[in-house]
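Here is a short note to read beside the model. Please keep the sequence and the structure in view while going through the points.

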Amino acid sequence: MHVLVPYLATYGLRPFQGFFPDLLWRVDAAAKTAYLTFDDGPTEELTDDLLDLLAQYDAQATHFLVGAHAEVHPGRTRALVSAGHHVGNHTYTHVDPWSVSTERLQQELNRTTRCLKDLTQTRIRALRPPYGHPTGALRQWCAERTQRMVMWDVMPGDYLKTATAARVARFVIRHVRPGSVIVLHDNPICEDVTLPALATILETLTAEGWSFDAL
Ligand SMILES: [Zn+2]
């Protein structure tokens, strides 16, 4: 079953994307440009290594940060922005939008926007809902604040218990297309998978003429 999850999360959702035109699934790009995104950081375990790896390949990415983690790691949060990456909102305590009240969700989002703005002195323009769970309240919050809700085009499932670096890298390399938004995690639960997978992804795709931009 776990082997199927990346396929379901990648291809199973494509028929429904047109129903949610305000959500970003993929960038309209003709060239070999892809958009790496990292959820859940910053962390002591991964962020510094992610930054080094991305810099080696001159790759930019978008990091959807948990507000509480950003507060614990102000230096790492600033380092992401200094390196040319973008940071976005992933709520303050990684709440599930499907199981909290609208009021709580708004508090989480507002607090994170404030925290990231204060730490980085940049305007925060994007969010990714934890667990990829969008709601009407989230869409409204985004519309009122000109924030973009970012979903994904390629979800290799680096966080799955059965994930291996080889399998995650192979999935991304096989399924990437121009403008793809790719989801990986800055999360200690998949440290041993994500870092080596990213190294392979960057090495292989860069050699094939791909480049990586921030959203
Ligand atoms: Zn998350």
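**Notes on the predicted model**

1. Helix H5 is followed by Gln 121, whose phi is positive, near 55°. This is a predicted model. Gln 121 is not a glycine, and its place is the loop between H5 and E5. Most residues other than glycine have a negative phi. Is Gln 121 buried or exposed? Gln 121 has 9 C-beta neighbours inside 10 Å, so it counts as exposed, the cut-off for that class being 12 or fewer.

2. Helix H5 itself covers residues 102-120. From the first C-alpha to the last, its 19 residues reach 27 Å, close to the 27 Å expected at 1.5 Å a residue. The buried residues of H5 include Leu 105, Leu 109, Leu 116 and Leu 119, and also Glu 108 and Cys 115. What do these buried residues pack against? Their partners are strands E3, E4 (86-89) and E5 (126-127), together with helices H3 (67-72), H4 (74-82) and H6 (136-144).

3. Strand E2 spans residues 33-39, and six of its seven residues are buried, so the rest of the structure largely encloses this strand. Which strands does E2 pair with? With strand E7 (residues 181-185), E2 runs parallel and is joined by five bridges; here Asp 39 stands opposite His 185. With strand E8 (residues 211-212), the pairing is also parallel, over two bridges, and Ala 34 stands opposite Phe 212.

4. E2 has a further parallel pairing, over four bridges, with strand E3 (residues 61-65). In this pair, Phe 38 stands opposite His 63. The chain gets from E2 to E3 by way of helix H2 (residues 47-56), and this β-α-β crossover is right-handed.

5. In the loop between E2 and H2 lies Pro 42, and the peptide bond from Gly 41 to Pro 42 is cis, with omega near -5°. In the loop between H2 and E3 is Asp 58, a residue other than glycine whose phi is positive, near 55°. Asp 58 is exposed, with 11 other C-beta atoms within 10 Å. As background, most peptide bonds are trans.

6. The largest nonpolar core has 51 residues. Which of them have the most contacts inside it? They are Leu 36, Leu 116, Val 168, Val 172, Ile 182 and Ile 201. Helix H8 (residues 191-207) supplies the largest share of this core, six residues. Beyond its neighbours within four places in sequence, Ile 182 is in contact with Ala 34, Tyr 35, Leu 36 and Thr 37, and also with Trp 152, Val 154, Val 172 and Val 176.

7. Helix H8 has 17 residues and reaches 24 Å between its first and last C-alpha, close to the 24 Å expected at 1.5 Å a residue. Its buried residues are Val 193, Thr 194, Ala 197, Leu 198, Ile 201, Leu 202 and Leu 205. Viewed down the axis of H8, these fall within an arc of 140°, so they line one face of the helix. The elements covering the buried residues of H8 include H2, helix H7 (165-175) and E7. Just after H8, Gly 209 takes a positive phi of about 95°.

Technical notes: Residues are numbered from 1 along each chain as its sequence is written. This is a predicted model: local features need pLDDT of at least 70, side-chain atom pairs count only at pLDDT 80 or more; totals for chains, interfaces and linings use all residues. A residue is buried if 20 or more other C-beta atoms lie within 10 Å of its own, exposed if 12 or fewer, and partly exposed in between; C-beta atoms are placed from the backbone. Two strands pair if DSSP finds at least two bridges between them. A crossover is right-handed if, with the strands pointing away from the viewer, the path from the first strand over the helix to the second runs clockwise. A nonpolar core is a set of buried Ala, Val, Leu, Ile, Met, Phe, Trp, Tyr and Cys residues joined through C-beta atoms within 7 Å. Two residues are in contact if their C-beta atoms, placed from the backbone, lie within 7 Å. The expected span of a helix is 1.5 Å times one less than its number of residues. The arc is that of the directions from the helix axis to the C-beta atoms.
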